[in-house]
Amino acid sequence: MNRTATPTTERLILRGLDGSNPLGFLAALGTLRVLDSTIHMKWIPSGGTWVAAVSAINGQSLDEPSFLKELSTTLCDSISEHPACVLEGLRTGTGSERRQLFEERRDQAAFTNRVAADWLCALASDVSSGDAVNQLQTSRRDYFLGNLTAIMKRTTLDHLRRALFNRWDYADPLQNQSLHLDPSEDRRHAHQWNRPSGDPNRNKAGGMLGANRLAIEAIPLFPSIPEGDRLHTTGFTGNRPTDTRWTWPIWNVAVSVQCARSLLSMAVLQAERFTTTQVESLRHSGIVAVFRANRILVGKTPNFTPSRRIA
(Lines give C-alpha, C1' and ligand atoms only; values in the text may rest on other atoms or scores of the structure.)
Protein backbone atom coordinates (compact mmCIF):
# COMPACT_ATOMS: atom_id res chain seq x y z
CA MET A 1 0.00 0.00 0.00
CA ASN A 2 1.30 3.43 -0.97
CA ARG A 3 0.82 5.59 2.12
CA THR A 4 1.97 8.75 0.28
CA ALA A 5 -0.70 8.56 -2.42
CA THR A 6 -2.99 11.57 -2.69
CA PRO A 7 -6.55 10.74 -1.55
CA THR A 8 -9.26 11.03 -4.20
CA THR A 9 -12.95 11.78 -3.89
CA GLU A 10 -16.01 12.05 -6.11
CA ARG A 11 -16.53 15.59 -4.86
CA LEU A 12 -13.76 18.12 -4.34
CA ILE A 13 -14.53 20.87 -1.83
CA LEU A 14 -13.01 24.24 -2.67
CA ARG A 15 -12.82 25.38 0.95
CA GLY A 16 -11.37 28.79 0.17
CA LEU A 17 -14.22 29.95 -2.07
CA ASP A 18 -16.84 31.58 0.15
CA GLY A 19 -20.01 32.22 -1.84
CA SER A 20 -21.03 35.13 0.39
CA ASN A 21 -17.91 37.08 -0.64
CA PRO A 22 -18.17 38.74 -4.08
CA LEU A 23 -14.59 37.76 -4.95
CA GLY A 24 -15.04 34.21 -3.69
CA PHE A 25 -18.27 33.77 -5.65
CA LEU A 26 -16.69 35.06 -8.87
CA ALA A 27 -13.58 32.92 -8.38
CA ALA A 28 -15.83 29.85 -8.13
CA LEU A 29 -17.69 30.82 -11.30
CA GLY A 30 -14.40 31.42 -13.09
CA THR A 31 -13.20 27.97 -12.06
CA LEU A 32 -16.41 26.40 -13.37
CA ARG A 33 -16.21 28.27 -16.65
CA VAL A 34 -12.57 27.36 -17.29
CA LEU A 35 -13.14 23.65 -16.58
CA ASP A 36 -16.73 23.41 -17.80
CA SER A 37 -15.95 20.49 -20.10
CA THR A 38 -14.94 18.35 -17.12
CA ILE A 39 -16.75 19.57 -13.96
CA HIS A 40 -20.06 20.71 -12.51
CA MET A 41 -20.33 22.88 -9.41
CA LYS A 42 -22.62 23.46 -6.45
CA TRP A 43 -22.44 25.09 -3.01
CA ILE A 44 -22.41 23.30 0.33
CA PRO A 45 -22.80 24.71 3.87
CA SER A 46 -19.54 25.01 5.78
CA GLY A 47 -18.47 27.08 8.75
CA GLY A 48 -21.55 29.29 8.73
CA THR A 49 -21.33 30.12 5.03
CA TRP A 50 -21.42 28.38 1.63
CA VAL A 51 -18.33 27.02 -0.10
CA ALA A 52 -17.96 25.69 -3.63
CA ALA A 53 -17.78 21.97 -4.40
CA VAL A 54 -17.02 20.45 -7.79
CA SER A 55 -17.62 17.00 -9.23
CA ALA A 56 -16.30 15.40 -12.40
CA ILE A 57 -18.82 15.04 -15.23
CA ASN A 58 -17.51 11.58 -16.10
CA GLY A 59 -17.89 10.36 -12.53
CA GLN A 60 -14.18 9.97 -11.98
CA SER A 61 -12.53 10.83 -8.69
CA LEU A 62 -10.84 14.17 -8.10
CA ASP A 63 -7.76 15.09 -6.10
CA GLU A 64 -6.24 18.47 -5.30
CA PRO A 65 -2.90 18.13 -7.17
CA SER A 66 -4.49 16.93 -10.42
CA PHE A 67 -7.23 19.52 -10.21
CA LEU A 68 -4.72 22.32 -9.66
CA LYS A 69 -2.52 21.11 -12.49
CA GLU A 70 -5.42 21.00 -14.96
CA LEU A 71 -6.61 24.44 -13.89
CA SER A 72 -3.14 25.97 -14.04
CA THR A 73 -2.37 24.60 -17.50
CA THR A 74 -5.74 25.78 -18.81
CA LEU A 75 -5.39 29.36 -17.57
CA CYS A 76 -3.61 31.77 -19.87
CA ASP A 77 -0.73 33.81 -18.42
CA SER A 78 -0.47 36.43 -21.17
CA ILE A 79 -3.07 39.10 -21.94
CA SER A 80 -2.06 39.05 -25.60
CA GLU A 81 -3.22 35.43 -25.82
CA HIS A 82 -6.36 35.93 -23.74
CA PRO A 83 -9.83 36.91 -25.07
CA ALA A 84 -9.82 39.93 -22.72
CA CYS A 85 -7.35 41.57 -25.11
CA VAL A 86 -10.44 42.78 -27.02
CA LEU A 87 -10.45 45.58 -24.44
CA GLU A 88 -7.19 47.03 -25.81
CA GLY A 89 -7.88 50.30 -27.56
CA LEU A 90 -11.45 50.63 -26.33
CA ARG A 91 -10.45 53.08 -23.58
CA THR A 92 -8.42 55.48 -25.75
CA GLY A 93 -9.10 57.73 -28.73
CA THR A 94 -12.24 59.70 -29.53
CA GLY A 95 -15.75 58.35 -29.03
CA SER A 96 -16.19 57.70 -32.76
CA GLU A 97 -12.83 55.90 -32.93
CA ARG A 98 -13.76 53.67 -30.02
CA ARG A 99 -17.13 52.83 -31.57
CA GLN A 100 -15.53 51.99 -34.89
CA LEU A 101 -13.00 49.71 -33.20
CA PHE A 102 -15.75 48.05 -31.16
CA GLU A 103 -17.83 47.42 -34.29
CA GLU A 104 -14.87 45.88 -36.10
CA ARG A 105 -14.15 43.51 -33.23
CA ARG A 106 -17.83 42.74 -32.72
CA ASP A 107 -18.34 41.79 -36.37
CA GLN A 108 -15.24 39.62 -36.38
CA ALA A 109 -16.09 37.89 -33.12
CA ALA A 110 -19.73 37.29 -34.04
CA PHE A 111 -18.81 34.96 -36.88
CA THR A 112 -15.54 33.40 -35.77
CA ASN A 113 -15.17 33.44 -32.01
CA ARG A 114 -18.06 33.11 -29.56
CA VAL A 115 -15.71 33.39 -26.57
CA ALA A 116 -14.39 36.75 -27.77
CA ALA A 117 -17.95 37.89 -28.42
CA ASP A 118 -18.94 37.06 -24.83
CA TRP A 119 -16.00 39.09 -23.49
CA LEU A 120 -16.86 42.02 -25.73
CA CYS A 121 -20.52 41.93 -24.67
CA ALA A 122 -19.50 42.01 -21.03
CA LEU A 123 -16.82 44.69 -21.21
CA ALA A 124 -18.00 47.29 -23.71
CA SER A 125 -20.73 48.53 -26.05
CA ASP A 126 -20.91 50.33 -29.38
CA VAL A 127 -23.79 52.45 -28.08
CA SER A 128 -22.10 53.84 -24.97
CA SER A 129 -19.44 56.52 -25.04
CA GLY A 130 -16.63 54.03 -24.53
CA ASP A 131 -16.11 55.17 -20.95
CA ALA A 132 -18.92 52.95 -19.68
CA VAL A 133 -17.82 49.82 -17.83
CA ASN A 134 -19.30 46.54 -16.68
CA GLN A 135 -20.72 47.12 -13.19
CA LEU A 136 -18.51 44.35 -11.84
CA GLN A 137 -15.51 46.48 -12.75
CA THR A 138 -14.57 48.34 -9.61
CA SER A 139 -10.94 49.07 -10.42
CA ARG A 140 -10.24 52.32 -12.27
CA ARG A 141 -10.92 52.03 -16.01
CA ASP A 142 -7.46 53.35 -16.87
CA TYR A 143 -5.87 50.69 -14.63
CA PHE A 144 -8.12 47.78 -15.54
CA LEU A 145 -6.24 46.33 -18.50
CA GLY A 146 -2.93 46.74 -16.67
CA ASN A 147 -4.36 44.92 -13.65
CA LEU A 148 -5.58 42.06 -15.84
CA THR A 149 -2.13 41.82 -17.42
CA ALA A 150 -0.31 41.75 -14.07
CA ILE A 151 -2.70 39.25 -12.48
CA MET A 152 -2.36 36.80 -15.36
CA LYS A 153 1.41 37.11 -15.47
CA ARG A 154 2.05 36.81 -11.72
CA THR A 155 -0.36 34.08 -10.64
CA THR A 156 1.37 30.81 -9.76
CA LEU A 157 0.14 27.34 -8.87
CA ASP A 158 0.61 28.17 -5.19
CA HIS A 159 -1.58 31.30 -5.51
CA LEU A 160 -4.34 29.12 -6.95
CA ARG A 161 -3.91 26.48 -4.24
CA ARG A 162 -4.20 29.04 -1.42
CA ALA A 163 -7.27 30.63 -3.01
CA LEU A 164 -9.08 27.33 -3.62
CA PHE A 165 -8.22 25.13 -0.67
CA ASN A 166 -7.07 27.32 2.23
CA ARG A 167 -8.72 29.84 4.46
CA TRP A 168 -7.76 33.14 2.86
CA ASP A 169 -4.72 34.75 4.45
CA TYR A 170 -4.69 37.90 2.26
CA ALA A 171 -0.90 37.61 2.06
CA ASP A 172 -0.50 38.80 -1.55
CA PRO A 173 0.27 42.42 -2.50
CA LEU A 174 -2.65 44.49 -3.74
CA GLN A 175 -0.79 47.13 -5.72
CA ASN A 176 -1.56 46.87 -9.45
CA GLN A 177 -2.73 43.26 -9.22
CA SER A 178 -6.25 43.34 -7.86
CA LEU A 179 -9.70 43.63 -9.41
CA HIS A 180 -10.88 45.44 -6.25
CA LEU A 181 -13.79 43.01 -5.76
CA ASP A 182 -13.29 41.99 -2.14
CA PRO A 183 -15.18 44.20 0.36
CA SER A 184 -12.04 44.22 2.53
CA GLU A 185 -10.47 46.57 -0.03
CA ASP A 186 -12.82 49.37 1.05
CA ARG A 187 -10.11 51.28 2.93
CA ARG A 188 -11.12 54.79 3.88
CA HIS A 189 -9.01 57.52 5.41
CA ALA A 190 -10.65 57.25 8.82
CA HIS A 191 -10.16 53.48 9.00
CA GLN A 192 -6.38 53.19 8.68
CA TRP A 193 -3.10 54.83 9.62
CA ASN A 194 -1.82 55.52 6.08
CA ARG A 195 -3.47 57.49 3.33
CA PRO A 196 -5.18 54.89 1.05
CA SER A 197 -3.70 56.18 -2.23
CA GLY A 198 -0.15 55.93 -0.90
CA ASP A 199 -0.41 53.10 1.60
CA PRO A 200 2.90 51.17 1.49
CA ASN A 201 1.15 48.10 2.91
CA ARG A 202 -0.53 47.56 -0.47
CA ASN A 203 2.88 46.47 -1.77
CA LYS A 204 3.10 43.77 0.89
CA ALA A 205 -0.29 42.20 1.62
CA GLY A 206 -4.07 42.54 1.52
CA GLY A 207 -5.03 40.49 -1.51
CA MET A 208 -5.60 36.99 -2.85
CA LEU A 209 -3.95 36.90 -6.27
CA GLY A 210 -5.20 33.42 -7.17
CA ALA A 211 -8.81 34.39 -6.46
CA ASN A 212 -8.48 37.47 -8.64
CA ARG A 213 -7.06 35.35 -11.46
CA LEU A 214 -10.01 32.97 -11.31
CA ALA A 215 -12.54 35.81 -10.99
CA ILE A 216 -11.32 37.25 -14.31
CA GLU A 217 -12.70 34.15 -16.03
CA ALA A 218 -16.19 34.79 -14.64
CA ILE A 219 -16.58 38.17 -16.38
CA PRO A 220 -18.15 36.80 -19.62
CA LEU A 221 -21.00 35.36 -17.54
CA PHE A 222 -22.14 38.93 -16.83
CA PRO A 223 -23.08 40.56 -20.15
CA SER A 224 -23.97 44.25 -20.15
CA ILE A 225 -26.48 46.24 -22.16
CA PRO A 226 -26.49 50.03 -22.69
CA GLU A 227 -28.66 52.11 -20.39
CA GLY A 228 -28.23 55.72 -21.44
CA ASP A 229 -24.52 56.46 -21.33
CA ARG A 230 -23.82 53.56 -18.94
CA LEU A 231 -23.83 49.78 -19.02
CA HIS A 232 -26.35 47.71 -17.10
CA THR A 233 -24.86 44.37 -16.07
CA THR A 234 -26.57 41.05 -15.39
CA GLY A 235 -27.40 40.68 -11.70
CA PHE A 236 -27.37 44.42 -10.98
CA THR A 237 -30.07 46.97 -10.35
CA GLY A 238 -29.54 50.72 -10.26
CA ASN A 239 -26.90 52.84 -11.95
CA ARG A 240 -26.06 55.51 -9.37
CA PRO A 241 -23.70 55.34 -6.38
CA THR A 242 -26.70 55.50 -4.07
CA ASP A 243 -28.84 52.73 -5.59
CA THR A 244 -26.58 50.21 -7.35
CA ARG A 245 -26.62 46.71 -5.94
CA TRP A 246 -25.58 43.23 -7.07
CA THR A 247 -27.60 40.12 -6.21
CA TRP A 248 -26.39 36.56 -6.74
CA PRO A 249 -27.76 33.06 -6.00
CA ILE A 250 -26.32 30.06 -4.18
CA TRP A 251 -27.43 26.65 -5.46
CA ASN A 252 -27.11 23.17 -3.95
CA VAL A 253 -27.38 21.13 -7.16
CA ALA A 254 -24.27 20.51 -9.26
CA VAL A 255 -24.70 22.46 -12.52
CA SER A 256 -22.86 23.27 -15.72
CA VAL A 257 -21.70 26.77 -16.55
CA GLN A 258 -24.64 27.25 -18.92
CA CYS A 259 -27.10 26.39 -16.16
CA ALA A 260 -25.23 28.73 -13.80
CA ARG A 261 -25.56 31.47 -16.42
CA SER A 262 -29.33 31.00 -16.37
CA LEU A 263 -29.49 31.09 -12.59
CA LEU A 264 -27.52 34.35 -12.49
CA SER A 265 -30.03 36.08 -14.76
CA MET A 266 -33.27 35.05 -13.03
CA ALA A 267 -35.48 38.15 -12.73
CA VAL A 268 -36.94 37.07 -9.38
CA LEU A 269 -33.54 37.60 -7.73
CA GLN A 270 -34.00 41.36 -8.06
CA ALA A 271 -37.07 41.49 -5.82
CA GLU A 272 -36.89 44.12 -3.12
CA ARG A 273 -38.33 41.65 -0.61
CA PHE A 274 -39.08 38.01 -1.29
CA THR A 275 -42.55 36.59 -0.78
CA THR A 276 -43.07 33.05 0.47
CA THR A 277 -44.10 32.03 -3.05
CA GLN A 278 -40.93 33.50 -4.54
CA VAL A 279 -38.73 31.75 -1.99
CA GLU A 280 -40.45 28.44 -2.73
CA SER A 281 -39.89 29.04 -6.45
CA LEU A 282 -36.19 29.64 -5.82
CA ARG A 283 -35.93 26.46 -3.77
CA HIS A 284 -37.53 24.46 -6.59
CA SER A 285 -34.81 25.87 -8.88
CA GLY A 286 -32.12 24.60 -6.52
CA ILE A 287 -31.37 28.06 -5.09
CA VAL A 288 -30.94 27.80 -1.34
CA ALA A 289 -29.66 31.30 -0.54
CA VAL A 290 -29.45 34.73 -2.12
CA PHE A 291 -26.84 37.36 -1.29
CA ARG A 292 -26.79 41.06 -2.08
CA ALA A 293 -24.06 43.71 -1.90
CA ASN A 294 -24.16 47.40 -2.69
CA ARG A 295 -21.78 49.01 -5.17
CA ILE A 296 -20.78 52.30 -3.60
CA LEU A 297 -18.35 55.11 -4.30
CA VAL A 298 -15.67 56.02 -1.79
CA GLY A 299 -14.34 59.25 -3.23
CA LYS A 300 -14.02 58.26 -6.89
CA THR A 301 -13.33 54.59 -6.22
CA PRO A 302 -16.12 51.98 -6.48
CA ASN A 303 -16.31 49.35 -3.76
CA PHE A 304 -18.56 46.45 -2.83
CA THR A 305 -20.02 46.43 0.65
CA PRO A 306 -20.01 43.20 2.66
CA SER A 307 -22.90 41.08 1.44
CA ARG A 308 -26.08 40.29 3.34
CA ARG A 309 -28.26 37.25 2.91
CA ILE A 310 -31.73 38.24 1.72
CA ALA A 311 -33.34 34.84 1.05
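**View A. V115 is partly exposed, at a relative accessible area of 37%.** The model is predicted: local features require a pLDDT of at least 70 and side-chain atom pairs a pLDDT of 80 or more, whereas totals for chains, interfaces and linings use all residues. Residues are numbered from 1 along each chain as its sequence is written, and side-chain values use heavy atoms, with hydrogens and water left out. Residues are termed buried under 20% relative accessible area, exposed over 50% and partly exposed in between, for a 1.4 Å probe and protein chains only. V115 belongs to helix α4 (residues 114-123); helices (H or I, at least four residues) and strands (E, at least two) are DSSP runs numbered from the N terminus. Beyond its neighbours within four places in sequence, V115 is in contact with R33 and P83, contact meaning heavy atoms within 4.5 Å. P83 lies 32 residues from V115 in sequence, with a C-alpha to C-alpha distance of 7.0 Å.

**View B. The largest nonpolar core comprises 78 residues.** Such a core is a set of buried Ala, Val, Leu, Ile, Met, Phe, Trp, Tyr and Cys residues joined through side-chain atoms within 4.5 Å. L29 and F67 have the most contacts inside this core. Helix α1 (residues 22-34) supplies the largest share, eight residues. With neighbours within four places in sequence set aside, the contacts of F67 are L12, L14, T31, L35, I39, V54, L164 and F165. In soluble globular proteins, nonpolar side chains tend to be buried together. Across the 311 residues of the protein chain, 49% count as buried.

**View C. Strands β1, β3 and β2 form an open antiparallel sheet in that order.** Strands pair where DSSP finds at least two bridges between them. At the edges are β1 (11-18) and β2 (39-46), each pairing on one side only. Direction ignored, neighbouring strands of this sheet are turned by 30° against each other on average. Five bridges connect β1 with β3 (residues 49-56) in the antiparallel sense, and L14 has A52 in β3 as its bridge partner. Helix α1 lies across β1, β2 and β3 and runs at about 155° to β2. Helix α2 (residues 64-74) also packs on the sheet, where it touches β1, β2 and β3, and its direction makes about 65° with that of β1. Axes are lines fitted to C-alpha atoms, for helices over the stretch in contact, and angles between N-to-C directions run from 0 to 180 degrees.

**View D. Helices α1 and α8 (residues 257-264) pack at an angle of about 145°.** Their axes are 9 Å apart. From α1, the residues F25, L29, L32 and R33 meet V257, A260 and L264 of α8. This contact is made by six nonpolar residues, no polar residue and one charged residue. Here Ala, Val, Leu, Ile, Met, Phe, Trp, Tyr, Cys and Pro count as nonpolar, Asp, Glu, Lys and Arg as charged, and the others, Gly among them, as polar.

**View E. Strand β9 (residues 245-251) is mostly covered, with seven of its seven residues buried.** On one side lie R245, T247, P249 and W251, on the other W246, W248 and I250, and all are buried. In a regular strand, side chains alternate between the two faces of the sheet. Strand β8 (residues 236-237) is joined to β9 by two bridges in an antiparallel arrangement, with F236 partnered by W246. Strand β10 (residues 287-298) also runs antiparallel to β9, through seven bridges; R245 stands opposite N294 of β10.

**View F. Strands β6 and β7 form a hairpin with two residues between them.** In the turn, G228 has a positive phi of about 70°. Strand β6 (residues 224-227) and strand β7 (residues 230-233) run antiparallel and are joined by four bridges. The bridge partner of I225 in β7 is H232.

**View G. N176 and H180 are placed in the loop between β4 and β5.** N176, although not a glycine, has a positive phi of about 60°. H180, likewise a residue other than glycine, has a positive phi near 65°. N176 is partly exposed, with a relative accessible area of 42%, whereas H180 is buried at 11%.
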